Amino acid sequence: MALTLYVDTARWRAHHKHVQQQFPGLVPVCKGNGYGFGHGRLAEEATRLGSDVLAVGTTYEAARIKDWFGGDLLVLTPYRRGEEPVPLPDRVIRSVSSIDGVYGLVGARVVIEVMSSMKRHGVSEQDLPQLHSAIENVRLEGFAIHLPLDRTDGSDAVEEVIGWMDRLRAARLPLHTMFVSHLKAEELARLQQQFPQTRFRARIGTRLWLGDHEATEYRGAVLDVTRIAKGERFGYRQQKAASDGFLVVVAGGTSHGVGLEAPKALHGVMPRAKGVARAGLATVNRNLSPFVWAGKQRWFAEPPHMQVSILFVPSDAPEPQVGEELVAHLRHTTTQFDRILDR
């Protein structure tokens, strides 16, 4: 019995096609855990889409994925001198975010990242005069800009890209290709219209693979159900049951990513209030699990174990049966399934 990722394959692939139509020249991104699907599966789907380039996170990912994808591989993590050398084929393109990085990749295929309002990494406007001589000894595949997801200051993403296009053009640097991230389809179209001599290529991961929430679903199989009375002790820590009910052992534990959660950026009074409430409940060992039974998310009876979780289901709810599956609301990028089933 397993934690299973179910995929409505026809619907999932129809969404891929829709995104591809919105973003001509799309570069699929396959990094981390493969957005919950695994590197092999996403490499296969990128091939099905006819993609000529697949973006990966690191050189280590490129080394693994090169046997699954036959096109070019764009490594998104910028090159740094002194990094561990990883044997890679010539079809791998390295991202670079510094003048020193360009000089360190003589003969290599490179994409040069410019510093955006993300303030993460990239060459600055002051670096541009030095790029002329630096790019003479590399094979320049284009420039790239990685934009923020939210713009709380009301700024315009397109205007930010235009600003960089103007700077690069003023520096007389080649502008045949610009890789972009986190633009809407209409924003990309505006840029393409304004700069017809430049090919804009959107690097897309989350929107492509996870944009249709109804196409995928995690479910954990019920392994055991034990009736428990109020006051009875249970589990590793021998806590007392707060009321009558059932202890439900379900597939999915910390090794799957259950109970792990990335920090969230909270905006507004209500989300912050809910965050405070959740934190308060956690101090008294009340943690809501991702598993749903009888229409409600159920509480962990105790912290999840390595491969299973123990839930508390109150006696006024139907008793789960061994072999049934509980829907689990899990974050794809932090979850490792036991199996994936297409339907």
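The model shown is predicted, with local features requiring pLDDT of at least 70 and side-chain atom pairs counting only at pLDDT 80 or more, whereas totals for chains, interfaces and linings use all residues. Residues are numbered from 1 along each chain as its sequence is written, and side-chain values use heavy atoms, with hydrogens and water left out.

**View 1. Arg 48 in helix α2.** Arg 48 belongs to helix α2; helices are DSSP runs of H or I with at least four residues, strands are runs of E with at least two, and both are numbered from the N terminus. With a relative accessible area of 48%, Arg 48 is classed as partly exposed. Between Arg 48 and Leu 147 there are 28 Å in space, C-alpha to C-alpha, and the two are 99 residues apart in sequence.

**View 2. The crossing of helices α1 and α2.** Helix α1 covers residues 9-22 and helix α2 residues 39-48; their axes come within 11 Å and cross at roughly 60°. Axes are lines fitted to C-alpha atoms, for helices over the stretch in contact, and angles run from 0 to 180 degrees between N-to-C directions. The two helices, α1 and α2, are therefore oblique to each other, in a scheme where angles under 35 degrees are roughly parallel, over 145 roughly antiparallel, 65 to 115 roughly perpendicular and the rest oblique. The crossing of α1 past α2 is right-handed; this term applies if the near helix is turned clockwise from the far one by less than a right angle, and left-handed applies if anticlockwise. On the α1 side, Thr 9, Trp 12, Arg 13 and His 16 meet Arg 41, Leu 42, Glu 44, Glu 45 and Arg 48 of α2, contact meaning heavy atoms within 4.5 Å. The residues of this contact of α1 with α2 comprise two nonpolar, two polar and five charged. Here Ala, Val, Leu, Ile, Met, Phe, Trp, Tyr, Cys and Pro count as nonpolar, Asp, Glu, Lys and Arg as charged, and the others, Gly among them, as polar.

**View 3. Loops on either side of α2.** Tyr 35 is located in the loop between β2 (27-28) and α2. Although Tyr 35 is not a glycine, its phi is positive, at about 55°. The relative accessible area of Tyr 35 is 7%, and the residue is buried. Ser 51 sits in the loop between α2 and β3 (53-56). At 13% relative accessibility, Ser 51 is likewise counted as buried. Leaving aside residues up to four places away in sequence, Ser 51 touches Pro 28, Ala 46 and Phe 69.

**View 4. Helices α6 and α7.** The axes of helix α6 (residues 157-170) and helix α7 (residues 185-194) come within 10 Å, crossing at roughly 30°. This makes α6 roughly parallel to α7. Ala 157, Val 158, Glu 159, Val 161 and Ile 162 of α6 meet Glu 187, Arg 190, Leu 191 and Gln 194 of α7. By class, five nonpolar, one polar and three charged residues form the contact of α6 with α7.

**View 5. Ala 294 between two strands.** The loop between β14 (288-293) and β15 (296-300) holds Ala 294. Phi of Ala 294 is near 55°, a positive value in a residue other than glycine. Ala 294 is partly exposed, its relative accessible area being 46%.

Notes. Buried < 20%, exposed > 50% of the residue type's maximum accessible area, 1.4 Å probe, protein only.
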